[in-house]
Amino acid sequence: MPATDDPDLRAHIVAAGIFAYRAADFHEVGPAEVAVHADITVEEFRRVYPVWELFVVAVIDRWNTAQRAALRSIAEQDGAVAYVRARLETGLGDPALVRLRLALLSAASNPSHAAAGWFRKQYTTSFEDLTFALARDVIAGRESSGSSARHGAEQLLALYEGLQLQSLLRDDVDLLPGFDRAVARMRVGWGAVQPVERSSTGAHRSRRSRRGIRW
């Protein structure tokens, strides 16, 4: 945790960190660069954030929370797919923070990383939120009634992460059209699964097309 109880100073430094990461690639940003943007000394920065990894967590958390808050209404009004698409579109305007997030997800997969627990918790929470949003979409009729919200969330999250990574490594990736094409194909599979109904013997069975995929 930061070694100061001054929330305004912490917030100021985190905001400066976001600007620092936008101005230079993530591997070029350190306490000195953040201190310049915050107009403080390096010593003051290290007093407030003695553990660098936890400062980076604060930066990602601020950026991610702002994105979620700005786009929450899209999930509520237009559904989970529209929300994920909007997240991808927002990332196009902030590629430096996208690169930082992807790099940290890889690093934090190591249990010994200082922020491993936080990242795992946040990732799980994001997955559960997406699952809930898809379940709400099924109830609202925006997605097929036979859709498994949990399996759909797995697919959407994999598509989100995969397309973001490809867009950073390939010059020919058209991110949003690629997302739209993939979602259209996924929805065909979702629609092929029919709701589970109770048979005359009382056992549950699934009605699906002969070529449908259980997902």
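**Cores, surface and pocket**

Author: This is a predicted model, and its largest nonpolar core has 29 residues, those with the most contacts inside it being Ile-13, Val-34, Tyr-49, Phe-55, Val-59, Leu-97 and Leu-100. The elements that give two or more residues to this core are α1 (7–23), α2 (31–38), α3 (42–48), α4 and α6. A second, separate core of 25 residues includes Val-81, Leu-163, Leu-176 and Trp-190.

Reader: What does Val-34 touch, not counting residues up to four places away in sequence?

Author: With those sequence neighbours set aside, Val-34 touches Ile-13, Ala-16, Gly-17, Ala-20, Val-29, Phe-45, Trp-52 and Phe-55. A touch here is a contact, for which heavy atoms must lie within 4.5 Å.

Reader: Which elements make up the protein chain, and in what order do they run from the N terminus?

Author: The secondary structure comes to 9 helices and 2 strands, and the order from the N terminus is α-α-α-α-α-α-α-α-α-β-β. Of the 215 residues in the chain, 38% are buried, while the accessible surface comes to about 12100 Å², with 53% of that area belonging to carbon and sulfur atoms. Among contacts between residues at least 6 apart in sequence, 59% join residues at least 24 apart.

Reader: Why is Asp-180 called partly exposed?

Author: Its relative accessible area is 34%, and the term covers values between the limit for buried, under 20%, and the limit for exposed, over 50%; Asp-180 is therefore partly exposed. Asp-180 is found in helix α9 (residues 175–192), and its C-alpha atom is separated by 9.4 Å from that of Val-81, 99 residues apart along the chain.

Reader: Why is Pro-50 called exposed?

Author: Exposed means over 50%, and Pro-50, with a relative accessible area of 51%, is therefore exposed. Pro-50 is found in the loop between α3 and α4, and its C-alpha atom and that of Pro-31, 19 residues apart along the chain, are separated by 9.9 Å.

Reader: What makes the phi of Asp-39 worth a remark?

Author: Most residues other than glycine have a negative phi. Asp-39 is a residue other than glycine, yet its phi is positive, near 60 degrees. Asp-39 lies in the loop between α2 and α3, and its relative accessible area is 71%, which by the cut-off of over 50% means that Asp-39 is exposed.

Reader: What lines the largest pocket, and which residues lie nearest its centre?

Author: About 570 Å³ of space lies in the largest pocket, which is lined by 23 residues, with Arg-68, Tyr-83, Arg-87, Ser-126 and Asp-129 nearest its centre. At least two lining residues come from each of α4 (52–78), α5 (80–92), α6 (95–108), α7 (116–140) and α8 (149–169), and the largest share, 9 residues, comes from α7.

Reader: How do the residues of that lining divide into nonpolar, polar and charged?

Author: The lining of the largest pocket has 12 nonpolar, 3 polar and 8 charged residues.

How values were computed:
Residues numbered from 1 in each chain as written. Predicted model: local features only at pLDDT ≥ 70, side-chain atom pairs only at ≥ 80, totals over all residues. Heavy atoms only, no water. 1 Å grid on protein atoms, 1.4 Å probe; cavity = no way out; pocket = protein on both sides within 12 Å on 5 of 7 lines; lining within 4 Å. Points joined across faces, edges and corners; volume = space filled by probe spheres on them. Helix = DSSP H or I, 4+ residues; strand = E, 2+ residues; numbered from the N terminus. Nonpolar A, V, L, I, M, F, W, Y, C, P; charged D, E, K, R; others polar. Buried < 20%, exposed > 50% of the residue type's maximum accessible area, 1.4 Å probe, protein only. Areas by Shrake-Rupley, 256 points an atom, 1.4 Å probe, with all protein chains shown as cover. Core = buried A, V, L, I, M, F, W, Y, C linked by side-chain atoms within 4.5 Å.
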